[in-house]
Amino acid sequence: MRSHSTYDHEPDLIQRFATGDPAAFRAVYKQLYLPVLRFVEQWVGNTQDAEELTADTFVKLWNNRERFETLEYIRAFIHVTARNACINFLKQLRVKTTRQ
């Protein structure tokens, strides 16, 4: 099965990412940021909140960078993390709205 990666040297990218190479993080970020932002915007319906949740998602990715073996694992982590951030955000919003 062929990877959906746009990188010819994905194992090298993942290794550099895992060791904290900022250029490797930028490459991953550049590829995944807009799809994640759009996904989060659909959930929360607000660009400003979506940008903040997306940024938090990438911080969590960076903090867990040594855990990933492939770009597909990174995509899965980003998706689950962003989804969970949206769910938590909407729960907090509902509680805040109820209290008011």
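Contact here means heavy atoms within 4.5 Å. With that settled, I looked up threonine 81, and this residue touches Thr57 and Lys60, leaving aside residues up to four places away in sequence.

Before going on, I noted that this is a predicted model, where local features need pLDDT of at least 70, side-chain atom pairs count only at pLDDT 80 or more, and totals for chains, interfaces and linings use all residues. Residues are numbered from 1 along each chain as its sequence is written, and side-chain values use heavy atoms, with hydrogens and water left out.

**Entry: threonine 81**

I found threonine 81 in helix H4; helices (H or I, at least four residues) and strands (E, at least two) are DSSP runs, numbered from the N terminus. Is threonine 81 buried or exposed? Threonine 81 counts as buried, at 12% relative accessibility. For the cut-offs, I wrote down that buried means under 20% relative accessible area, exposed over 50%, and partly exposed in between (1.4 Å probe, protein chains only). I also checked where its side chain goes: the side chain of threonine 81 reaches the backbone oxygen of phenylalanine 77 at 2.7 Å.

**Entry: salt bridges**

How many salt bridges does a search of the whole structure find? I got 3, taking a salt bridge as a side-chain nitrogen of Lys or Arg within 4 Å of a carboxyl oxygen of Asp or Glu.

**Entry: around arginine 16**

I started with arginine 16, which pairs with aspartate 12 in a salt bridge whose closest N and O atoms are 3.2 Å apart. Both residues sit in helix H1 (residues 10-18), 4 residues apart, about one turn of the helix. Arginine 16 also forms a salt bridge with aspartate 21, and there the closest N and O atoms are 2.8 Å apart. So I could jot down Asp12, Arg16 and Asp21 as linked in a network of salt bridges.

Then I looked up accessibility for the three. Arginine 16 is partly exposed at 28%, aspartate 12 is partly exposed at 35%, and aspartate 21 is partly exposed at 21%.

**Entry: back to helix H4**

Which residue forms a salt bridge with arginine 75? That turned out to be glutamate 72, with the closest N and O atoms 2.4 Å apart. Arginine 75 and glutamate 72 both lie in helix H4 (residues 71-99), 3 residues apart, about one turn of the helix. Glutamate 72 counts as partly exposed, at 33% relative accessibility.

Note on methods: Polar contact = N/O pair within 3.5 Å; in protein donor to acceptor, adjacent residues only side chain to side chain.
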